[in-house]
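Load the model in your viewer and keep the selection panel open.

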Amino acid sequence: MIETISVCILPFIIIFVLAAGIIKKVPVYEEFTEGAKDGFKVSVSIIPYLVAIIVAVSMFKASGAIELLKHFTLGIIPPDILPLVITRPLSGSAALGVFSDIVNSFGPDSYTAKLAAVMVGSSETTFYVLSVYFGSVGIKKMRYAILTGIIGDIISILLAIAVARVLFLAKGV
Amino acid sequence: MNYIFFILIVLSVVFGILNNTLNEVTNSMLSACNLAVKISFSLIGIMAFWLGIMRIAEKSGLVKYLSKLLELPAKLLFKDIKQDSPAIGSIAMSISANALGLTNAATPIGLRVMQELQEENTKKDVATDSMCMFLGMNTAGFQIIPATVIAVLAGAGAKNPTEIILPTLIVTTLSFVLTILAALLLKMIWRKYD
């Protein structure tokens with residue numbers, strides 16, 4: 001059931017977007033290729049960030065220092081996910097690097113990779129957004145904005161763990 | 001990020017010496033560089049496809065259409081700004097662009113929202129309730145299709161990379177709603193301190 005819905009969403013959205021484009025007389029083929037050009041730029045432009053963060057995390061894991069982190073997880077957050085939890089609110093490209101590293105070391109079909117995927121897909125770079133947006137208009141006192149952002153992050157991390165457990169772990173994946 | 005990067009590498013070397021794993025540390029450093037490039041190249045195709053589709057969405061005015069739907073709820077949440085303020089429309093537009101994953105389009109719209117909210121602000125260096133609410137919605141990161149995540153999974157050879165769509169949608173929707181509630185609650189608590 002859940003798998004069927006998940007599998008249907010993407011093709012449905014693509015058909016919907018294409019149909020909307022045709023109805024609005026958008027030259028869909030030209031606009032598609034125009035947008036697709038950016039795919040190369042975006043993918044290549046993240047290489048420096050990926051190198052930095054994947055190197056640092058791989059070294060950290062190879063040294064055995066990752067064992068240290070297991071003391072800070074309070075038994076709720078799986079230790080393999082902790083580096084992701086730390087980098088996600090700070091930097092989008094760093095989190096992508098950590099996520100790619102998780103996918104590569106545990107396998108793309110592992111529970112850990114799926115949990116990480118849900119986590120990355122459902123959160124934002126909280127601290128980055130706050131500093132850029134408030135900085136742009138010169139706000140110095142952010143009042144409860146930071147607290148709201150942190151609460152939002154904690155909620156989405158806990159929800160991701162709960163939902164992944166129910167949907168992926170229950171099936172014995 | 002500077003400190004995290006620095007600490008990760010220093011700790012790795014220190015622990016490499018202590019655990020006698022320095023050789024593994026060096027080797028993993030070298031192979032990780034290659035891995036990073038491989039990952040980025042495996043993303044190109046899917047990212048190109050998705051950005052192409054999203055370009056059509058942008059050109060056919062889907063962002064505008066979606067933001068029309070969001071204007072009414074936005075009016076209810078942002079009661080302290082003038083009801084005819086252009087900020088309401090911009091807020092709806094920004095959330096819509098984010099929901100479609102149009103990050104490049106969303107940032108300039110978001111910055112415009114901040115300017116419009118700042119115009120109604122009486123204390124120019126203190127955030128208003130509307131700003132806190134808007135950024136709360138923004139940092140909750142509501143997104144319909146997590147394209148990059150799917151691209152990474154597909155690039156690594158996942159059997160069924162799109163199966164994370166529904167779970168992600170459930171989590172992102174719930175956390176979006178709960179974050180808004182948290183912002184409303186904090187607004188009432190903060191009143192007592194201001």
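Start with the largest pocket of this predicted model, which has a volume of about 1500 Å³. Select A:Glu124, B:Gly101, B:Thr103, B:Asn104 and B:Thr148: of the 47 lining residues, these are the closest to the pocket centre. Pockets and cavities are found on a 1 Å grid over the protein atoms alone: a pocket is an open set of points with protein on both sides within 12 Å along at least five of seven lines, a cavity is a set where a 1.4 Å probe fits but cannot get out, and lining residues have an atom within 4 Å of a point. Grid points are joined across faces, edges and corners, and a volume is the space filled by probe spheres set on the points.

Next, colour the pocket lining by element. Two or more residues each come from H2, H6, H7 and H8 of chain A, and from helix H2 (22-59), helix H5 (103-119) and helix H7 (147-155) of chain B. H2(B) gives the largest share, eight residues. Helices here are DSSP runs (H or I, at least four residues), numbered from the N terminus. By class, the lining has 23 nonpolar, 18 polar and six charged residues; Ala, Val, Leu, Ile, Met, Phe, Trp, Tyr, Cys and Pro count as nonpolar, Asp, Glu, Lys and Arg as charged, and the others, Gly among them, as polar.

Residues are numbered from 1 along each chain as its sequence is written, and chains are lettered from A and ligands numbered from 1 in the order in which they are written. Local features need pLDDT of at least 70 and side-chain atom pairs count only at pLDDT 80 or more, while totals for chains, interfaces and linings use all residues; side-chain values use heavy atoms, with hydrogens and water left out.

For the second largest cavity, of about 50 Å³, select A:Tyr144 together with B:Leu77, B:Phe78, B:Asp80, B:Asp129, B:Ser130, B:Met133, B:Ala183, B:Leu184 and B:Lys187. Helix H6 (129-140) and helix H8 (165-193) of chain B each supply two or more of its lining residues.

Which residues of chain A lose the most area to chain B? First display the whole contact (heavy atoms within 4.5 Å), which takes 96 residues from chain A and 96 residues from chain B. The two chains bury about 8200 Å², 78% of it on carbon and sulfur atoms; buried area is the accessible area (1.4 Å probe) lost on being put together, summed over both parts. In chain A, the residues that lose the most are A:Tyr133, A:Arg143 and A:Tyr144, together 10% of what that side buries.

Finish with salt bridges (a side-chain nitrogen of Lys or Arg within 4 Å of a carboxyl oxygen of Asp or Glu). Between chain A and chain B there are three, including A:Lys114 to B:Glu163 at 2.9 Å, N to O. Over all chains the count is eight. Within chain A, select A:Lys37 and A:Glu34, whose side chains meet at 3.3 Å, N to O. These two are about one helical turn apart because they lie three residues apart in helix H2 of chain A.
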